[in-house]
Amino acid sequence: MNAKHRQEHWQRAYRAKTEQEVSWYQDSPEPSLALVAGAAVSPASSIIDIGGGTSHLVDHLVQRGYVNVAVLDISSAALAKAQARLGASASVVDWIAADITTWTPTHRYEIWHDRATFHFMVTEGDRIAYLARLRQALAPGGHAIIATFAPDGPEQCSGLPVMRYDPARLADLLGPKFMLVSSERHLHHTPSGAVQPFQFSVFKRCSVKP
């Protein structure tokens, strides 16, 4: 799927359903929130939520006083819904409507959070492009939190194929400049009652030697 078709797909997905109807909906964004809070040095830590869409993670981060938060998603419709939900608080967030495979980061972040975007990178080209943006955007010493379907998770989501991972396979893809700090299994219960096994892995980017 090329970038144009990918954007069209997610625009339709977010326009067709309310945020509570999509399978990835969470009222309380765990374990993401705990992992981000654990990696953040201070409320001023720069955080980017990749594929954030209408996720409530940004709401919780703003409520907790984080002041340097960005949300990137390919769907401007999703971002508009999130902005409307936050109201006046939306003004303190950097909203980025972009395809992760073609986005050009303008500065570096201390925390890269991705719940269920990387597993849609099913071609080698898309994976290479995603990882290139991760390396460009994540500061040395920063943390990447990447959640995907686990090996026993669904083979598709939103009508699209996905790649399933365990922490070791993700570590191999990220390479030696990223150290696996922790990983955990999480069972996500969708609004329809289905159970989706996820893995959440936290990586630290090795600092550049002087």
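The model is predicted, so local features need pLDDT of at least 70, side-chain atom pairs count only at pLDDT 80 or more, and totals for chains, interfaces and linings use all residues. Residues are numbered from 1 along each chain as its sequence is written, and side-chain values use heavy atoms, with hydrogens and water left out.

Start with the overall fold. The chain has six helices and nine strands. Helices (H or I, at least four residues) and strands (E, at least two) are DSSP runs, numbered from the N terminus. The radius of gyration of the chain is 16 Å. A compact globule of 210 residues would come near 17 Å, so the two agree. That radius is taken over C-alpha atoms, and the globule rule is 2.2 Å times the number of residues to the power 0.38. Along the principal axes, the C-alpha atoms fill a box of roughly 50 × 40 × 30 Å.

Contacts come next. Contact means heavy atoms within 4.5 Å. Take the contacts between residues at least 6 apart in sequence: 70% of them join residues at least 24 apart. Burial is counted by relative accessible area: buried is under 20%, exposed is over 50%, and partly exposed is in between (1.4 Å probe, protein chains only). Of the 210 residues, 52% count as buried.

Now the interior. In soluble globular proteins, nonpolar side chains tend to be buried together. A nonpolar core is a set of buried Ala, Val, Leu, Ile, Met, Phe, Trp, Tyr and Cys residues joined through side-chain atoms within 4.5 Å. Here the largest such core has 61 residues. Those with the most contacts inside it are Ile48, Trp95, Trp103, Trp112, Tyr130 and Leu134. Strand 5 (residues 138-149) gives the most to this core, with six residues.

Trp95 shows how sequence segments meet. Leaving aside neighbours within four places in sequence, Trp95 is in contact with Val58, Val71, Leu79, Ala82, Gln83, Leu86 and Ala90. Helix 4 has the buried residues Ala77, Ala78, Leu79, Ala82 and Leu86. Their cover includes helix 1, helix 3, strand 2 (69-73) and strand 3. Gly87 follows helix 4, with a positive phi near 65 degrees.

Which residues do ring pairs link into a cluster? They are Trp103, Trp112, Phe118, Tyr130 and Tyr165. Rings of Phe, Tyr and Trp (its six-membered ring) pair if their centres lie within 6.5 Å; planes under 30 degrees apart count as stacked, over 60 as edge-to-face and the rest as tilted. The structure holds 10 aromatic pairs. In one of them, the rings of Trp10 and Tyr14 have centres 6.5 Å apart and planes at 45 degrees, so the pair is tilted. Both residues lie in helix 1 (residues 3-16), four residues apart, about one turn of the helix. Trp10 is buried at 10% relative accessible area, and Tyr14 is buried at 6%. Tyr14 also pairs with Trp24: the ring centres are 5.7 Å apart and the planes are at 70 degrees, so this pair is edge-to-face. Trp24 lies in the loop between helix 1 and helix 2 (32-39), so the pair ties together parts that are 10 residues apart in sequence.

A charge can also face a ring. The charged end of Arg115 sits over the ring of Phe198, 5.2 Å from its centre. The rule asks for NZ of Lys or CZ of Arg within 6 Å of the ring centre and within 35 degrees of the ring normal.

Last, the salt bridges. Each is a side-chain nitrogen of Lys or Arg within 4 Å of a carboxyl oxygen of Asp or Glu. The count comes to seven. Arg6 bridges to Asp99, with the closest N and O atoms 3.1 Å apart. Arg6 lies in helix 1 and Asp99 in the loop between strand 3 (93-97) and strand 4 (109-115), so the pair ties together parts that are 93 residues apart in sequence. Both Arg6 and Asp99 are buried. Arg6 also meets Asp126 in a salt bridge (2.9 Å, N to O). Asp126 lies in helix 5 (residues 124-137), so this pair ties helix 1 to a part 120 residues apart in sequence.
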